[in-house]
Amino acid sequence: MIWCQVTWAHGTILDRPVTPVTRQELLEGGLTPYGPPPVELLPPLLPGQLEDFIRRDLEEFWLPAAGRPLLWLRDIWVDLGLLVLARATVTLRDGRLITKGEALAELRELGAPADVVRDIHDRRYARPTPMSRLQRIRRAIRARAYVRRGIKRTLAAKKS
């Protein structure tokens with residue numbers, strides 16, 4: 001059975017499948033404004049299911065996306081690419097989920113380009129500085145290269 005959830009993302013309402021990451025988030029702390037809590041509705045994840053999903057997502061979605069240069073000219077690809085990488089790295093390394101805000105701090109520890117991390121931070125929490133076309137191209141090149149290297153490093157790391 002594929003579970004779906006109604007989600008507001010990228011300025012539109014979507015019907016998305018409930019991935020193992022979403023399921024784990026709901027099981028760990030999903031809010032229940034009405035009805036039974038998620039732990040009464042969702043079965044627990046099987047051992048390794050979360051990690052297998054994350055590795056597959058990095059390998060089959062994000063690594064090919066990092067090979068498509070034009071995508072990375074858009075803010076959303078820079079933001080999500082780096083944040084997903086940091087969150088995946090922590091989950092595979094430590095077995096815990098982190099927020100996007102925590103992922104920003106993790107990116108600094110993982111050696112992400114400081115100006116790209118600052119750019120993501122400013123877009124999420126402050127006022128971003130407008131970029132020229134040349135700045136956007138340079139950022140895309142750095143972000144894409146960092147994500148490609150980071151995915152390969154994360155996938156090569158042994159499971160804890």
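Analyst: Happy to! Keep in mind that this is a predicted model. Let's start with helices α3 and α7, whose crossing is left-handed. On the α3 side, the contact is made by R55, L58, E59, W62 and L63, while α7 brings R148, I151, K152, T154 and L155. Sort those residues by class and you get five nonpolar, one polar and four charged.

Now for the geometry. In general, two packed helices are described by the angle between their axes and the distance between the axes. Here α7 covers residues 133-156, and its axis and that of α3 come within 10 Å, crossing at roughly 155°. Angles over 145 degrees count as roughly antiparallel, so α3 is roughly antiparallel to α7.

What sort of aromatic pair do W62 and W77 form? Their pairing is edge-to-face, with 5.5 Å from centre to centre and 65° between the planes; planes over 60 degrees apart get that label. Because W62 sits in α3 (residues 49-65) and W77 in α4 (residues 75-94), the pair ties together parts that are 15 residues apart in sequence.

The axis of α4 and that of α5 (residues 100-109) come within 8 Å and cross at roughly 85°. That value falls in the 65 to 115 range, so α4 is roughly perpendicular to α5. From α4, the residues making the contact are L82, L83, A86, R87, V90 and R93; from α5, they are K100, A103, L104, E106 and L107. By class, this contact has seven nonpolar, no polar and four charged residues.

One last stop, back at α3. Its stretch, residues 49-65, takes in L50, and L50 is among the residues in contact with Q24, along with L45 and L97, once neighbours within four places in sequence are left aside. Q24 itself lies in helix α1, residues 20-29, and is buried, with a relative accessible area of 19%. As for V39, 15 residues from Q24 along the chain, the C-alpha atoms of the two are separated by 9.9 Å.

Methods. Residues numbered from 1 in each chain as written. Predicted model: local features only at pLDDT ≥ 70, side-chain atom pairs only at ≥ 80, totals over all residues. Heavy atoms only, no water. Phe/Tyr/Trp six-rings, centres within 6.5 Å; stacked < 30°, edge-to-face > 60°. Helix = DSSP H or I, 4+ residues; strand = E, 2+ residues; numbered from the N terminus. Axes fitted to C-alpha atoms, helices over the stretch in contact; angles between N-to-C directions. Parallel < 35°, antiparallel > 145°, perpendicular 65-115°, else oblique. Left-handed = near helix turned anticlockwise from the far one by under 90°. Contact = heavy atoms within 4.5 Å. Nonpolar A, V, L, I, M, F, W, Y, C, P; charged D, E, K, R; others polar. Buried < 20%, exposed > 50% of the residue type's maximum accessible area, 1.4 Å probe, protein only.
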